[in-house]
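Subject: Structure to look through

Dear colleague,

Here is the structure that we talked about, and below it you will find some notes to read alongside it.

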Amino acid sequence: MPDAALYSLLALLLAVLGFAWLALALPNHWRQVHQGAQQTASRQAALRSGASLMLGLSLLCSLAGDSPAMAILLWLMLLGVATLIVALTLSWRAQWLARLWPARPQAERSAD
Amino acid sequence: MHLRDVIQPAATATHVVGLCALAYFASAQLVGLSGLLAWWAGMSQGDAVMLALMLGFIYLLLLLLWGFSRERRRNAWLLLGGLSLLAWGTPLLLQGQA
Amino acid sequence: MGELHTWAGVLLGVLLFAVFWTGSLSVFDKEIDRWMMPSTRLHWDDSMQRPSLDRDIRPLLEQRAANAPVWTIILPLERTPFLTLTYGSEESRKSSRDLFHPITLEPLAKPLTLGASGFIYPFHHNLTLRYKNIGAWLVGIAGMAMLCLLVSGVVIHRKLFSEFFTLRLHRAFGRSTLDVHNVAGVALLPFHLLITLSGLIVAFAIYYPDAPQHTYREQVQSGVSAERAFLGEALGRIRLRAAKQPGELAPLEPMVTKAEQYWGPGSVYLLRVNNPKDANGNVLLRRTSHSSVTKDIDNFRFANVSGEVMGRFQASATVNTWNFIAGLHYIQFRHDALRWLYFLGGLGGCVVIATGLFFWTQARRKKQQRHGHLGVSLLDALSIAGVCGVILATLAFLLANRWLPMQEQLFGLGRARVEILSFYALWLVASAHAVWRVMRDQRLGYLHAWREQCTAIALLAVLAVLANWLTTGDHLLATLRSGNGPVAGTDLCLLAAAALALLAAHKLRRRVPQEETLEVAHA
C-alpha cells in the first residue's frame, strides 16, 4: 500500500527532525554544529518543546497509516532509526544540522 | 596466591548463582500465589493463571534488581528467602482453610 | 574477582550473541527456507484458488497415510507457497511431511534439509539442546540477564543521556567502539526491552511449569493434570480419546465453509484431523492472523462422522494479551517494513553485544597487561569464537545445503544431519583458529584472528551466493527481474554481509600497526 509507506516515511522524517532538535538542545552538540556558539536555557527549552511536538506528530503519522498496535510498534522502531541517523549525521556532517535551527549571527560568539 | 584469592571469588560466585536461583524460586512461588488470588478475585482459572504467568517475569526482574542492589548480601538472602517462604506457604494455608 | 566478572560477562555475551544472531535470521526464516529448498521457490497469493480439500487433498492423504492417527493439512500461504501434508502422531515425535505444488498438486522434490525454520529458529529459542530443556533454560537465563542489564544500564547511566547522540567514529577505535555500543544500545532500547521480555513470556510453560498447580487444585484432586487442564481452558488445546470404533470421515470443505462464516472467507489455513478413521475423531481448524499483531489461537472443532460443530474455542481477553505479546515477538503478521526493521534491529542488537564484548575484553586487557596475557588471550579467543564463529557456522550451513549431493543418506547419516554437522564443525574450526592465533602471539594475535575470520566470512558469503547460482540457476539478476523476493533478498543480504566483513577486516588491518605503536609507548 503506497499510502502506508508514505505515512511511514513522513513519520520517520518528523522523528529525525525531532531528534535533531533534541541533539541541538545539548550544549556540546550545539557547539559542535554552530562552531563554538553557546547554548542558552530558553533556546534549550524551545528546542525540547519543538522536539516533543515533532515526535508526537510522528506518532500521529504512523497511526494514520496502520492499525494502532502496528503503528505504535513501527513508531518505536522508527525512533531508533531516527536516533541512528542523527548520531551518524553529527559524526560525519554535523554542519548539515545547522540549518535546522540557525543560531543568531553575532550575539553568542562573544563568550568563546 | 593466598587462600583468600580462591575463597573470595568462590564466595561471590556462590552468592550470585545462589541469589539468582532464590529469586527465581521466589518468583515461581509468587506466580502460584498470584494465580490463586486472581481466581478468588473472580477471574476464570485460565485467565488467572495466564495473568500470573505474565507477571512472573516482571516479579523475577524486580527481585533480581532489588536483591543485587542490597548493601549487605545477607539482607538480600534473608528477605528473598522470607518472601519465598511466605509465597510458598500462603496458598497451602489458604487452601487448607477453604 | 574482576576475572570472574569478566569471564561471566564474556560467556553470557557469547550466548546472547548467538541468540540474537539466530533470532534475527529467524525473522526471515521462511524466506531463507526458499533459498535453501529450491523446489519450494513458488508463488502464491490470496487471489489464487486454493486446492479442494475433498477432491484433491483427501485422495493424497488416503494414498499416503490411510492409517495414520493424525493428518495435518497446511494450505498454501504467501510465505509458504505450497501445500504441506503431515502424517504422524501428536504423541511421538516421528512424523513425515510431504510438500505439494499449490496448484498442480504434484509432489515437490524432498528438500532434505531442516532449513532456517527447522534449525536456525529452534537454535534461537533452545539451542537445539532439548534434553530436559537445558538449551531453553540457558537461553532464558541469557534473556533474563539481558533484561537486568538493560534496566540497570539505563538507571546507572542516566547521565549518559547527555551523550545520547555522540558517535565519535573518527577517534581511537576503542572510544568509537564504546560510542557505537552506547548509541546503538540506546536507539534500540525499546525494541530490545520488548523483544527480550516477550521472548521470555512466550515460553512460560518451560520456565514456570507449576504455575497452574494451586489454581487448578480441584482438577488435580480429581486426577487431571493441572497443566493439561490449564492448556485446555486457556489455549483450547484438548485431546479427545479415540472410540476405537471405525467411522467414515465427512467432507471437509463444508467444515471450512462453516468456520469461514464466522472468520471470513479464505481465513482457514490449517486443518488437523485427529483419528481420521475413528468414530470419535475430530477435525480442528485454525485461521490466519495476517493483519493483527495478536497471534490468533481460536479454533473450530468438528466431529469426524457427522461433520457438525463440536466446539468453538475463543481465547479470552487475558489470553489474547499473551497472544499479543507473543505476536510481538514472532512477527508472523503481514508488514514488510516492520519485518525489515525487526531484522535490522536484531542485527543491531548483535552489534551492541559484539561491541560490548570487544570493549569489555579491551578494558580488561589494559588492567591485566602486567599480570600475564593468558587469561586475556583466552577471553579474546572466546569472543572471536562467539561472534565470528557462529556467523561462519551459519555460512557453512548454507554452503553445505547447496553443495551436498541431493541424496537421502550421506556418509551413513541423513543429509539434513550432515548440514547441521557442518554448522558445528566450522564453529569448532573457527574456535580452534582463534585459540591458535592468540596463543601464537599473545599481544596481537587476537587482532589477526578477528581480521582473518572477517575475511573468511566475506569469502564464504560470496561463495554462498555463487553456490545458489551454480546449483539452481536463480542468480541475483534473474531473481530480481522475476521478483523472487526471498531468494534475491537472501543473496543481497549475503553480499551486504560480505561487504561489511571486508570493511571490518580492512579497519582491523590498519589497527595492527596502531596497536604496536601503543604497546611500544606503554612498555
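Two residues are said to be in contact if their C-beta atoms, placed from the backbone, lie within 7 Å. Of the contacts in chain C with a separation of 6 or more, 66% are between residues 24 or more positions apart. Please keep in mind that this is a predicted model, in which local features need pLDDT of at least 70 and side-chain atom pairs count only at pLDDT 80 or more, while totals for chains, interfaces and linings use all residues. Residues are numbered from 1 along each chain as its sequence is written, and chains are lettered from A and ligands numbered from 1 in the order in which they are written.

Chain C has 18 helices and nine strands, where helices (H or I, at least four residues) and strands (E, at least two) are DSSP runs, numbered from the N terminus.

As for the pairs of chains, two of them touch, and the most contacts are between chains B and C, whereas no contact joins chain A and chain B, whose closest C-alpha atoms lie 19 Å apart. The contact between chains A and C takes 18 residues from chain A and 17 residues from chain C. On the side of chain A that touches chain C, helix H1 (2-25) and helix H4 (68-92) of chain A each give two or more residues, and the largest share, 14 residues, comes from H4(A).

Best wishes
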